[in-house]
There are 2 protein chains.
Amino acid sequence: MAEILTENFSVNILNGSRRALAKAMSLVESSRESDFFKSQELLLKILPKTGNSLRIGITGSPGVGKSTLIEEFGLHLIEQGKRVAVLAIDPSSRRSGGSILGDKVRMPRLAREHNAFIRPSPSGGALGGVARKTRECMLLCEAAGFDVIIVETVGVGQSETEVSSMVDLFMVLLLPNAGDEIQGIKRGIMELADLVVITKSDGEYVSKAEEARRRFKSALRLMLAKHNGWRPKVLTTSAVEAKGINDLWTACWEFYESGERQKFLKEQRRHQTMEWLHQILEHELLRTFYGDERVVRILPDFEKKVFEQKMLPARAAHELLKAFQNLQ
Amino acid sequence: MAEILTENFSVNILNGSRRALAKAMSLVESSRESDFFKSQELLLKILPKTGNSLRIGITGSPGVGKSTLIEEFGLHLIEQGKRVAVLAIDPSSRRSGGSILGDKVRMPRLAREHNAFIRPSPSGGALGGVARKTRECMLLCEAAGFDVIIVETVGVGQSETEVSSMVDLFMVLLLPNAGDEIQGIKRGIMELADLVVITKSDGEYVSKAEEARRRFKSALRLMLAKHNGWRPKVLTTSAVEAKGINDLWTACWEFYESGERQKFLKEQRRHQTMEWLHQILEHELLRTFYGDERVVRILPDFEKKVFEQKMLPARAAHELLKAFQNLQ
């Protein structure tokens, strides 16, 4: 990957070369140490050209129709002259070994568009690692001139919180099943939502979807406002009938305009960047600690002592930290 | 607190002196560094006498009737000749400044019993700190000869997970409102439950409670088994009519016997101890890092660079860690 470090390479990304973009993402996703420094150098070069997209996070349980909606939404944006990138975080893929997200086969029409870029989820690595890599891929897409970046996640694990901490607008997709209010979406996630989208509002489900819309709208009123100047909206859509997609984009745009006017978007990005720094910092600190050769050497012995009730965990922690800091 | 370090003091705890127990808990809950070492020394002395209680975690939303149930349950255990300690974790108390849990006034009859010990939640400190202190208080109660330790928490925040990681048996309390299946209990918490208790099954609510019991029973069947050899039970109780309390204790005892027979209790405790060590370790590592004078000195500058997009978070983290490790 020597070409990565040439000036041309970053210029190619800025010029919108899909090949350069894909290659840069592979570098960012690599877990080799030497690639880390290369990727940081590359990212630093493109950093001034980032920040100019609308970053949208989309979450929803499996079966809610995420792929279908994202495809219709993406195609609509492209019709409006936008360039759209879709990135996916799939925490389950690390466990199962296979990815249920990020497959281009899921969005065949969007994948064929020249102004769309779909990236399968990075596999392997720690959660913090996946999130870091998704953020950095987002920056690469911005440098490559994409106007809307969609970060997609399944509504399980803690990935929703991570996604909401890297996007401007967070969208929660729900089925038109008003009775079962949570539908596998963790409590707390609804409070992160800027837009709630009731999917599959077609055929016999139209009235159910409308009922769900009203219920969620009143439920959201009870929640603390996430942003001063934006009240979360609830919309109904049908991807198969291509209904509500235009309204969805209008709502996104209204959110963006409110955010600019009320200045909450800028403030949110500032906050997110600081949070990001501290997340990486803490993740790396733990990695350094557990990888330290003194720690590796003595940890099993302390674990044994704690296990055999010869030492208390707090004392063992104290001693291990002393060893790590080389104070003993 | 010089007397703490005398041999007599730990003997007094082992002999069941309530005064010595309360004093030891204050020491454990203290955030003074010198008290930390004293408390660790004390705990080490009593450690061989710990581990002989049944540790029960109880969670439920405010209003579910936790205090009333715990009081009836505790009184029933005392009638059976047991000694009962109740410890409370209240994450909200740190925010509001006042404690909504742990107040002896909530359980006036139990508080009067000689064989009961009720401890208000430790206030202040980080979450890891509160959990550590609750664990250590649990050990002190065991050394003081309590047979059943109840660790109580409100069903908000992440305290349920922490409580479930320090007890043998985790109990979730729910209202007899079959329609609203989650009742403010976070998803994922149900999967931690060994026993589910439908409270307030009295008067007009008896049939509702029975309906809820059946629904939860079938819902729990769909979940992954937490222990090999124990299928979570769902019971209905009425604290005001003192109904179902004996069955509740029978179910706890059945759980305990299964756990001994199938050996999952011992395995769980082993796992919990290791988890505990690592939690403290990571908590203290972060505290050390952010308190390090080199870090304190240079962190603001790196934050500024990251904020102004002159440096990437991953690079800043790298530099900060190098400084912390004194490698530059």
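In this predicted model, B:Ile245 touches B:Leu69, B:Glu72, B:Phe73 and B:His76, leaving aside residues up to four places away in sequence. The residue is found in helix α10 of chain B, which covers residues 245-261. With a relative accessible area of 4%, B:Ile245 falls under the 20% cut-off and is therefore buried.

Turning to another helix of chain B, α2 spans residues 18-29. Buried residues in α2(B) are B:Ala20, B:Leu21, B:Ala24, B:Met25, B:Leu27, B:Val28 and B:Glu29.

Between the chains, a helix pair deserves a look of its own. Two packed helices are described by the angle between their axes and the distance between the axes. Helix α11 of chain A (residues 264-291) packs against helix α13 of chain B (residues 313-324) at an angle of about 45°, and their axes are 9 Å apart. The two helices are therefore oblique to each other, and their crossing is right-handed. On the α11(A) side, the contact is formed by A:Trp276, A:Leu277, A:Ile280, A:Leu281, A:Glu284, A:Leu285 and A:Thr288. These meet B:Pro313, B:Ala314, B:Ala316, B:Ala317, B:Leu320, B:Leu321 and B:Phe324 in α13(B). By residue class, this contact of α11(A) with α13(B) comprises 12 nonpolar residues, 1 polar and 1 charged.

Notes. Residues numbered from 1 in each chain as written. Chains lettered and ligands numbered in written order. Predicted model: local features only at pLDDT ≥ 70, side-chain atom pairs only at ≥ 80, totals over all residues. Heavy atoms only, no water. Axes fitted to C-alpha atoms, helices over the stretch in contact; angles between N-to-C directions. Helix = DSSP H or I, 4+ residues; strand = E, 2+ residues; numbered from the N terminus. Parallel < 35°, antiparallel > 145°, perpendicular 65-115°, else oblique. Left-handed = near helix turned anticlockwise from the far one by under 90°. Contact = heavy atoms within 4.5 Å. Nonpolar A, V, L, I, M, F, W, Y, C, P; charged D, E, K, R; others polar. Expected span 1.5 Å × (residues − 1). Buried < 20%, exposed > 50% of the residue type's maximum accessible area, 1.4 Å probe, protein only.
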